Amino acid sequence: MANFQRIKGFADLFSPESDVFSFLENTARNVFSRYGYEELRTPLLEHTEIFTRGIGTETDIVQKEMYTFEDKGGRMLTMRPEATAGVMRAYIESSRYAKESVSKFFTYGPMFRYERPQKGRMRQFHQLNCECLGASEPLADAEVILMLMRFLNEAGLKNLVLEVNSLGCRQCRPLYKEKLHEFLLGLDTDQLCEDCRRRMETNPLRVLDCKVPGCKALIDKAPQILEHNCPECKAHFGIVRDILDAAGLPYVLNPRLVRGLDYYNRTTFEVVSTSIGSQGSVAGGGRYDGLIADLGGPDTPGIGFACGMERLAMILADSGAWQLPESVDFFLAVLDEQALQKGMLLAQHLREAGRRGEVSFAVRSLKSQMRQASKAGAAKCLLLGGNEMAMGVVTVKDMETGEQQTAPMNAILDFV
Ligand SMILES: [Zn+2]
Ligand SMILES: [Zn+2]
């Protein structure tokens with residue numbers, strides 16, 4: 001037999017890790033549906049061009065990280081590296097924009113990026129995404145942020161910092177970019193990292209979020225984007241902040257928050273966990289008003305966010321806040337061959353009535369079955385052997401107190 005192994009960067013999720021993921025998904029569904037979001041499931045594979053157009057050819061994702069291949073029909077396909085582009089494609093293709101003024105979607109599932117695997121970062125990773133399409137109002141920005149924070153709160157995550165910024169619009173951002181470019185040219189550019197020297201010509205905004213310490217120090221005095229927002233952008237962001245303030249949601253203004261993708265404008269936000277050090281971003285998003293038009297749809301505004309499940313699961317697991325929520329009600333130990341079938345039927349009866357539990361498939365010593373019952377964390381151990389069969393009863397042992405009583409088989413539900 002060949003010694004098969006997982007692909008590097010791909011994980012098998014066993015319980016309790018898989019339980020944490022389910023819990024996060026269920027919490028998200030519950031919270032997002034309260035805000036009027038519907039679940040949208042798009043394919044894992046899309047035409048490559050969706051991502052090159054939607055994410056931008058200048059990004060690391062498109063240049064280095066996509067799983068792209070030609071299928072037998074000669075199509076260039078890509079395993080989705082993020083969700084937004086596919087959602088936009090579905091939104092445009094289904095003409096949803098013609099049927100309703102505002103559409104709200106959430107998606108959940110695996111994404112694929114060929115990155116260096118590290119703790120909390122896999123090549124197949126999972127994201128929750130929300131997209132609110134058709135609304136340009138600042139209230140939509142505020143709702144999205146409030147909903148994200150509500151979800152993280154109900155998922156039990158603590159020590160979170162919400163950072164917000166406004167990147168301006170098509171009118172004011174080019175002017176700011178020029179200012180920033182001028183400022184960068186005035187620096188001793190030899191001291192900037194290689195990436196930044198390239199970015200200052202292609203996309204100077206990205207220099208602002210460079211993580212290299214030398215760059216950080218140099219751009220400390222860079223002109224601030226918020227001060228260069230046009231009056232409309234200022235007013236928009238002002239309303240977003242007013243609502244967050246009024247809702248009692250604390251946040252930090254981070255003028256360097258430009259996000260990795262080129263399509264963001266106006267409000268951007270990120271949630272950082274202070275529990276996991278410098279790589280602490282757990283969710284982020286922003287407004288992307290030009291994206292739908294870039295992808296061939298009508299000029300429709302949009303705002304959304306993505307939330308990395310691996311990070312969330314890791315924080316929850318590390319915090320100790322996570323516990324398996326369900327208890328096990330019974331373990332049915334079978335003491336001799338003639339009781340095996342009856343035992344299975346009794347267990348079935350209990351499960352149909354909503355009880356959780358296990359039943360032996362084979363007769364083993366009482367001692368080993370009791371050990372199994374306590375390992376499973378069962379509240380009650382039910383004993384069924386020849387004697388019990390003859391009398392139509394089951395012996396019920398309370399695993400905590402050790403107390404034993406005899407229960408009529410046909411009234412077993414009253415005892416478990
Ligand atoms: Zn503007
Ligand atoms: Zn740099």
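View 1. The centres of domain 1 and domain 2, taken over C-alpha atoms, are 49 Å apart. This is a predicted model: local features need pLDDT of at least 70, side-chain atom pairs count only at pLDDT 80 or more, and totals for chains, interfaces and linings use all residues. Residues are numbered from 1 along each chain as its sequence is written, while chains are lettered from A and ligands numbered from 1 in the order in which they are written. Domain 1 takes in 17-171 + 230-319, and domain 2 runs over 328-414; such bounds come from an automatic or database domain assignment. The C-alpha trace spans about 95 × 55 × 50 Å along its principal axes.

**View 2. Helix H2 meets helix H4.** H2 (residues 48-55) packs against H4 (residues 84-93) at an angle of about 110°, and their axes lie 9 Å apart. That makes the pair roughly perpendicular, a label for angles of 65 to 115 degrees. The axes are lines fitted to C-alpha atoms over the stretch in contact, with angles running from 0 to 180 degrees between N-to-C directions. On the H2 side, the contact uses Ile50, Phe51, Gly54 and Ile55; on the H4 side, Thr84, Ala85, Gly86, Met88 and Arg89. Here, contact means C-beta atoms, placed from the backbone, within 7 Å. Helices (H or I, at least four residues) and strands (E, at least two) are DSSP runs, numbered from the N terminus.

**View 3. Helix H12 under cover.** Eight of the eleven residues in H12 (residues 309-319) are buried, meaning that 20 or more other C-beta atoms lie within 10 Å of their own, with C-beta atoms placed from the backbone. Those buried are Met309, Glu310, Arg311, Leu312, Ala313, Met314, Ile315 and Leu316. Their cover includes helix H1 (17-34) and strands E6 (124-133), E9 (265-273), E10 (281-287) and E11 (302-308).

Notes. Parallel < 35°, antiparallel > 145°, perpendicular 65-115°, else oblique. Contact = placed C-beta atoms within 7 Å. Buried ≥ 20, exposed ≤ 12 C-beta atoms within 10 Å, placed from the backbone.
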